[in-house]
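Here is a briefing on one protein chain.

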Amino acid sequence: MAHLDSLLQRCSSLSLSHSHLKQLHSHLLTSGLFHLRPSAATKLIELCAISPSGGDHLSYAADLFRRIQTPSTNDWNTVLRGLAQCPQPTKAISWFQTMSRAAPPKADALTCSFALKACARALARSEATQIHSQVVRFGFGADMLLQTTLLDVYAKVGDIDCAQQVFDEMRKRDIASWNALIAGLAQGSRPNEAIALFKRMREEGGGLRPNEVTVLGALSACSQLGAFRVGEEIHGYIMEENLDMNVIVCNAVIDMYGKCGFVEKAYGVFSSMKCKKNIVTWNAMIMALALHGDACKALELFRQMREARVQPDAVSYLGALCGCNHAGLVDEGVRLFYSMAECGLVPNVKHYGSVVDLLGRAGRLQEAYEIVNSMPMLPDVVLWQTLLGASKTYGDVEMAETASQKLMEMGSSSCGDFVLLSNVYAAHERWDDVGRVREAMKKKDVKKIPGFSYTEVEGVIHKFLNGDQSHEKWREIYTKLDEINFKLRTCGYVAKTDLVLHDIGEEDKENVLSYHSEKLAVAFGLISTGEGTPIQVIKNLRICEDCHVVIKLVSKIFNREIIVRDRARFHRFKDGLCSCKDYW
């Protein structure tokens, strides 16, 4: 008996073969210990259920379980734990439901925890809610670990309101509960709240110190918002706590600085890392350089990566292609695209989209169209929109109509698609076609995606919509805009009113352009920061031609560096010039 216990204990740290498990099972059966010693049977089930081999071992565990006459809660939980970790976590949910129907009820707090972890992996919100109700009914609500698991599953399935409610109701919180909600808010398009919660944790977290997981969530939120100053504070904390020994944390810092518009700081972190770089590190830096239009440095880094014997992956190539795209290095980009095969990589739709955009921007529309037709997969909506945008730039009516027709067939009803086609027709004075497009917009009830911009002042994020008057300083902002518009006119600026689709007067068109969200954000930055302070703006859409011209002039008139991150890339305006060299 003692020999058996010793053997089972030793086996707990071993990865046993299927044949060894069967031998052990046979010994328990022939000796009668399988039924006489329930703990031995349970241990054997555990060895199978949590085996790294998974698959057959897990099936064997379930088969062993069925041979137990009166399985205990521990027996149920052992199989449930294994199923929750397997590639099909929905099996764990089904097991939990079967267990819940067993008489008498067998579930305990651990049962609910394993089942909730399976829900998180399967993104099973409805089942998680049902388990939550059982947690309350069984009186497990005071279990902090279970509450944290519950919070985590709500955050992962995107139900942030329920996650927040669980967090607020917790009597005591550990580091994992704070981390789960911070990550959930950051990933659930509520990055402002994620940053606020991170600050709150440091102030009232009961002595808890942010760890690697905490700062990853907070840095992700900073990246989304372009919250450079908050991100810089977090980076300082990371250095103080030696969290920069973790490569994942370093990668997140590089990504944050890159997405906040400070590529030099990103490169500084990249160059001085104490830990070994991985493929994600190289990719993050290459993409940051590409988005800032520094294609030469991005391609040089791509070359250095290969010299360091780090094999490029699909993301590496996408970053390098984006660099070529934003800098107009057409032939280099095309060569890069076709060289993917050398690394055994098959281009995906994003790679095709990038090379089509590259050719389209350069006016090589027919080549771009031929690549679209040669794709081994179906082109997506974004790809046809890319071709439509290039057709508008070069006034190619036939190509614009082809792309527009494809978009209609795919069910796209984006306002931008109609606007681009209408502008192509307008440029050729085909007013009947312009009217037809506008009627189609009305008939389909096409809604324009509202433009909005963020800017950070003294660690606080301010959001502006087009024509926004909700900000507490909106009167001061509009006064500043009047000053800007007056100075612009003295420089010879004329508003690009052809960009406004609506049937309104010329003066009204100018007003529409004057109050675009990025202009409001820049005006707020001018009245809220000292002379010489860079102004950062994050915009959800691509910057329009008029705003691009205006901000270039503003950077010169007011002697300010203005960094704008739009949906596609960064624009660094300084002394009346833009880093994109008017190629975007």
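## Overview

Of the 584 residues in the protein chain, 50% are buried. The model is predicted. Its secondary structure comes to 31 helices and 6 strands. Among contacts with a separation of 6 or more, 64% join residues 24 or more positions apart.

## The sheet

- The 6 strands form an open sheet with mixed pairing. Their order is β2-β1-β3-β4-β5-β6.
- The edge strands are β2 (460–465) and β6, and each of them pairs on one side only.

- Strand β3 covers residues 535–539. It is largely enclosed by the rest of the structure, because 5 of its 5 residues are buried.
- Ile 535, Val 537 and Lys 539 point one way from β3. Gln 536 and Ile 538 point the other way. All of these residues are buried, Lys 539 and Gln 536 included.
- Strand β1 (residues 452–457) runs antiparallel to β3, and 2 bridges join them. Within this pairing, Tyr 454 stands opposite Ile 538 of β3.
- The pairing of β3 with β4 is parallel and spans 4 bridges. Here Ile 535 stands opposite Ile 562 in β4.

**Strand β5 and its partners**

- Strand β5 covers residues 570–574. It has 4 of its 5 residues buried, so the rest of the structure largely encloses it.
- Strand β4 (residues 562–565) pairs with β5 in the antiparallel sense, over 4 bridges. The two strands form a hairpin with 4 residues between them.
- Val 564 has His 571 of β5 as its bridge partner.
- β5 also runs antiparallel to strand β6 (residues 577–578), with 2 bridges joining them.
- Two pairs can be picked out there. Lys 574 has Leu 577 of β6 as its bridge partner. Phe 573 stands opposite Cys 578 in β6.
- The hairpin of β5 and β6 has 2 residues between the strands.

## A helix pair

- Helix α16 (residues 247–259) packs against helix α18 (residues 279–291) at an angle of about 5°. Their axes are 9 Å apart.
- That angle is under 35 degrees, so α16 counts as roughly parallel to α18.
- By class, the contact of α16 with α18 has 6 nonpolar residues, 3 polar ones and no charged ones.
- From α16, the contact residues are Val 247, Asn 251, Ile 254 and Gly 258. From α18 they are Val 280, Thr 281, Ala 284, Met 285 and Ala 288.

- Most residues other than glycine have a negative phi.
- Asn 242 has a positive phi of about 60°, although it is not a glycine. Asn 242 is found in the loop between α15 (228–240) and α16. Its relative accessible area is 47%, so Asn 242 counts as partly exposed.
- Asp 575 has a phi near 55°, again a positive value in a residue other than glycine. Asp 575 lies in the loop between β5 and β6. At 49% relative accessibility, Asp 575 is partly exposed.

## A buried loop proline

- Pro 89 is found in the loop between α6 (73–85) and α7 (90–101).
- Is Pro 89 buried or exposed? Its relative accessibility is 9%, so Pro 89 counts as buried.
- Beyond residues up to four places away in sequence, Pro 89 touches Leu 83, Ala 84, Ala 118, Arg 121 and Ala 122.
- Pro 89 and Ala 124 are 35 residues apart in sequence. Their C-alpha atoms are 9.7 Å apart in space.

## Cysteines

- How many disulfides does the model contain? With a cut-off of sulfur atoms within 2.5 Å, the count comes to 0 disulfides.
- Cys 86 has 8% relative accessibility, so it counts as buried.
- Cys 112 is buried too, with a relative accessible area of 0%.
- Cys 578 belongs to β6, where it stands opposite Phe 573.

How values were computed:
Residues are numbered from 1 along each chain as its sequence is written. This is a predicted model: local features need pLDDT of at least 70, side-chain atom pairs count only at pLDDT 80 or more; totals for chains, interfaces and linings use all residues. Side-chain values use heavy atoms; hydrogens and water are left out. Buried means under 20% relative accessible area, exposed over 50%, partly exposed in between (1.4 Å probe, protein chains only). Two strands pair if DSSP finds at least two bridges between them. Axes are lines fitted to C-alpha atoms, for helices over the stretch in contact, and angles run from 0 to 180 degrees between N-to-C directions. Angles under 35 degrees count as roughly parallel, over 145 as roughly antiparallel, 65 to 115 as roughly perpendicular and the rest as oblique. Contact means heavy atoms within 4.5 Å. Ala, Val, Leu, Ile, Met, Phe, Trp, Tyr, Cys and Pro count as nonpolar, Asp, Glu, Lys and Arg as charged, and the others, Gly among them, as polar.
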